[in-house]
Amino acid sequence: MSTLLDISHIDMVFPTPTGSFTALKDVDLKIKKGEFVSLIGHSGCGKSTVLNVVAGLYQATTGGVILSGKEVTEPGPERAVVFQNHSLLPWLTAYQNVELAVEQVFGSKMNKQEKKEWIEHNLKLVHMDHAMYKRPNEISGGMKQRVGIARALAMQPEVLLMDEPFGALDALTRAHMQDSLMEIQNELNNTVIMITHDVDEAVLLSDRIVMMTNGPSATIGEILKVDLERPRDRLSLSKDPHYNRLRSDVLTFLYEKQRKVETIKSKTVTKSTQTKTA
Amino acid sequence: MTTSSVSSKLDLSSAKSAKLQQFVKATTKMLALPLLGIMIFLLLWSIAAKNIHTSLGEFPGPNAVLNQFNSLYNEHTAEREKADKFYERQEVRNAKRVEADPTYQPKVRKYTGKETFLDQIITSLITVTSGFLLAAIIAIPLGIAMGLSKNLNSAINPIIQIFKPVSPLAWLPLVTMVVSALYVSNDPLVSKSFVNSLLTVTLCSLWPMVINTSIGVSSLDQDLKNVSRVLRLPILTHIRKIVLPASVPMIFTGMRLSFGVAWMVLIAAEMLAQNPGLGKFVWDEFQNGSSDSLARIMAAVIVIGFIGFILDRGMLQLQRLASWDKSATTV
């Protein structure tokens, strides 16, 4: 399969009062159609910045993003984003939230009935058809995130961008959501970029895991191919030696090669020497 | 009777008494305490009133004020009766003249008796509402524009900060002169005094709405802005679907504050502009200087306070109806 999305040598420099801050340095990644790619790294390493550049919410300082042969210059529904904290409009019901997106993307292409069916289809896909007419404050965190995913899917994006979509959920709900996402992915085979800091989530869901080095001047450290058979089952995988090897590869990268230096400790000399010897 | 039946009866009665106790507690809090507060206030008021001697006699106590409420109401009904009789007489007279001369075009003249206290209350309410609505029509779009554009906000904010603390009494002479220069008509739809009071109310109640609306709009969640950008919503749809609903709670808070200001300003404006409302009533009674005047003014003070309270509650109800965020509308 050919490259759908080309993240081409991106540098990202933010101006700050104390001079410029280089967040990203030469991030280069090609993603094929139908591929599920996770970005993993310690917090503050610029994962979200990469995603925001792909979304068009930020403009890269140098380099650029090319989607299906066209350069990305502004946000757009063909690169739908699932935000970390759902970002549903609190005054609209689940149905209306999805409707807003459908109206905007398919406003003239679908008639009323088609739109209604499409909205309901997407809510059904995330198992939210029972609470379509509830507002965000009447449903749980996991359910809100489901609606957020339904809204993004309803835009029929070329690339689905997910910014730590399950980061704010408890472990059980998160596992449930991951299973749901795999189910949907099985059906739709979307191209997905997902940011996560959960190693299990990355291995379970991804085709490739992109591991990022720590900032400033963060870049891609290693890329791990996850060649596990689909559909994947978390229970049987937990005993699978290959799964565990992949998992330990990611852990090794994160906790040995790119150990997060605790800035508070490194300020005192004695403690920083202690961590070096440890 | 067995012991168990006795104890179950006791349980029942104790449960009943617990309920009763709760009821008594609730009513004490809701009714008895406010009533007690009012009683003590009335007592202190009447004691203080007896010891204040003005050139118009003793300061009116609660009793004198109550009497004036009564007589204000009687004056109102008497005036209405007079008006009814006037129209009756006019009709009979016109009928007679038409009978005598079929070509006669009957003239209908309006009754020109003096406004009663109730008429003045209604005039005040109409004036304050019109002034407030005019302010809202200007303030809300302006606030939205300022909230959306940081540059516009920086440009306009200093002007707002300077005009916000200006007293209505300072505006009124300017408004009066401008209105009499520009509002020239042989058959004016509304009187100049009404326009003067209205514009003064508008000028003073504009600012809280502008400020609150602009804050509400500018504090729109970045994530929601991003949703709008990803969807590529056109600017008007963005305002209609995202900005407006998100800032409705703040807009209504501003409107409530503004309405409070408007009501305060109105009384002062009416006094000076001689708009026949509550402000003019107070001023006329003060100029009148009869032995009842102070009691009548005190009655007006109470009415003004009561109406202000009811208007505020009305705005709160409106806010609750319009807002999706029910937690933002606590008293």
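**Close-up views of a predicted two-chain model**

**View 1. A:V50 in helix α1 of chain A.** A:V50 sits in helix α1, which spans residues 47-55 of chain A. The model is predicted. A:V50 has 30 C-beta neighbours inside 10 Å, so this valine counts as buried; the cut-off for a buried residue is 20 or more. Setting aside neighbours within four places in sequence, A:V50 is in contact with A:L24, A:V27 and A:L39. A:A23 is 27 residues from A:V50 in sequence. In space, the C-alpha atoms of A:V50 and A:A23 are 9.6 Å apart.

**View 2. A:A101 in helix α2 of chain A.** Helix α2 of chain A holds A:A101. A:A101 counts as buried because 24 C-beta neighbours lie inside 10 Å. A:L153 lies 52 residues from A:A101 in sequence. From C-alpha to C-alpha, A:A101 and A:L153 are 9.7 Å apart.

**View 3. The contact between chains A and B.** Chain A contributes 16 residues and chain B contributes 13. On the chain A side, the largest share comes from helix α2, residues 94-106, with 3 residues. The chain A side that touches chain B has 12 nonpolar residues and 4 polar ones. Charged residues are absent from that side.

**View 4. Helices α8 and α10 of chain B.** Helix α8 covers residues 235-273 of chain B, and helix α10 covers residues 293-322. Their axes come within 10 Å. The crossing angle is roughly 165 degrees. That angle makes α8(B) roughly antiparallel to α10(B), because angles over 145 degrees count as roughly antiparallel. The crossing of the two helices is right-handed.

**View 5. Residues where α8(B) meets α10(B).** From α8(B), the contact is made by B:V248, B:F252, B:M255, B:R256, B:F259, B:G260, B:W263 and B:I267. From α10(B), it is made by B:I304, B:G308, B:L311, B:D312, B:M315, B:L316, B:Q319 and B:A322. By class, the contact of α8(B) with α10(B) has 11 nonpolar residues. A further 3 are polar and 2 are charged.

How values were computed:
Residues are numbered from 1 along each chain as its sequence is written. Chains are lettered from A and ligands numbered from 1 in the order in which they are written. This is a predicted model: local features need pLDDT of at least 70, side-chain atom pairs count only at pLDDT 80 or more; totals for chains, interfaces and linings use all residues. Two residues are in contact if their C-beta atoms, placed from the backbone, lie within 7 Å. Helices (H or I, at least four residues) and strands (E, at least two) are DSSP runs, numbered from the N terminus. Ala, Val, Leu, Ile, Met, Phe, Trp, Tyr, Cys and Pro count as nonpolar, Asp, Glu, Lys and Arg as charged, and the others, Gly among them, as polar. Axes are lines fitted to C-alpha atoms, for helices over the stretch in contact, and angles run from 0 to 180 degrees between N-to-C directions. Angles under 35 degrees count as roughly parallel, over 145 as roughly antiparallel, 65 to 115 as roughly perpendicular and the rest as oblique. A crossing is left-handed if the near helix is turned anticlockwise from the far one by less than a right angle, and right-handed if clockwise. A residue is buried if 20 or more other C-beta atoms lie within 10 Å of its own, exposed if 12 or fewer, and partly exposed in between; C-beta atoms are placed from the backbone.
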